[in-house]
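Here's a quick briefing for anyone meeting this structure for the first time. Have a look at the sequence and the model, then read on.

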Amino acid sequence: MTSTQTWDPERYAKNARFVADLGMPLVELLAPRQGERILDLGCGDGALTMKLAAMGCDVVGVDSSAPQIEAARKLGLDAWVMSAEALNYENEFDAVFSNAALHWVKRADDAIAGVWRAQKLGGRFVGEMGGFGCIEKIRSTLIAALERRGLDGKAADPWYFPTVEDYRARLERRGFRVDYIALIPRPTPLPGDVTGWLETFAESFIKCVDERERPTFIAEVRDELAPKLRDASGTWIADYVRLRFSAVKPLDPQ
Ligand code: BEZ
């Protein structure tokens, strides 16, 4: 099923600023050099793209959300609406960088092929996404809440959280040399109640329910998650697992 997720920059800034804030280790893995031409794939509102630009990179951002690209352009960024599954660049970039976007891309091989085409020989592909087991408590609770209503919860699931073996095989099949790939459990404190997280990221599930019933659906999921994700101080901690990787398009591809 196609994801019905949409992005509201204001809601995103309120509930999901931590996504870019926690992206700095990935920028360090990229180790961008001044003057490098870099594609930020799934740039969202451009928060991390700005950091790359501030480091002296010639950076282009792409994202499938028009409102997010509008927000990125307001920051003065060179940013374009484009699907990760249909990248439209050739032999142009020294590196492709992607933070917290590729788990929304179900046709992973198309995205990987587009990155390969976009890169110069020797180009780096450095990314981080939800990995196998990511937000499993949230995901299974959402699916179960839909299924209790006779709806197909699995079909509503917009996420692809691969294992190391799966993603490594896809990268290598396209010709990338994988220098690093790992699953990193990262329990993540949320900036507020899990309700804000659900409203920001779980729209594909929420929209399956009749509009009048949505507040009840969200409250039910929240109440079921409370004993699993809320600590003694009342902080909600989401069960994130990251898949982080660094790969290279070799100078002499086979
Ligand atoms: C993630 O960054 O891993 C993520 C974000 C939103 C929904 C699912 C996963």
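The protein chain carries 33 positive and 38 negative charges, and their mean positions lie 1 Å apart. Lys and Arg count as positive and Asp and Glu as negative, leaving out His and the chain ends; each charge is placed at NZ of Lys, CZ of Arg, CG of Asp or CD of Glu. This is a predicted model, where local features need pLDDT of at least 70 and side-chain atom pairs pLDDT 80 or more, while totals for chains, interfaces and linings use all residues. Residues are numbered from 1 along each chain as its sequence is written, and side-chain values use heavy atoms, without hydrogens and water.

**Overall size**
- The C-alpha trace of the protein chain spans about 55 × 35 × 35 Å along its principal axes.
- Of the 254 residues, 53% count as buried (under 20% relative accessible area, with a 1.4 Å probe and protein chains only).

- Leu142 touches Trp159, Leu198, Ala202, Phe205, Phe217 and Val221, leaving aside residues up to four places away in sequence (contact means heavy atoms within 4.5 Å).

Note on methods: Buried means under 20% relative accessible area, exposed over 50%, partly exposed in between (1.4 Å probe, protein chains only).
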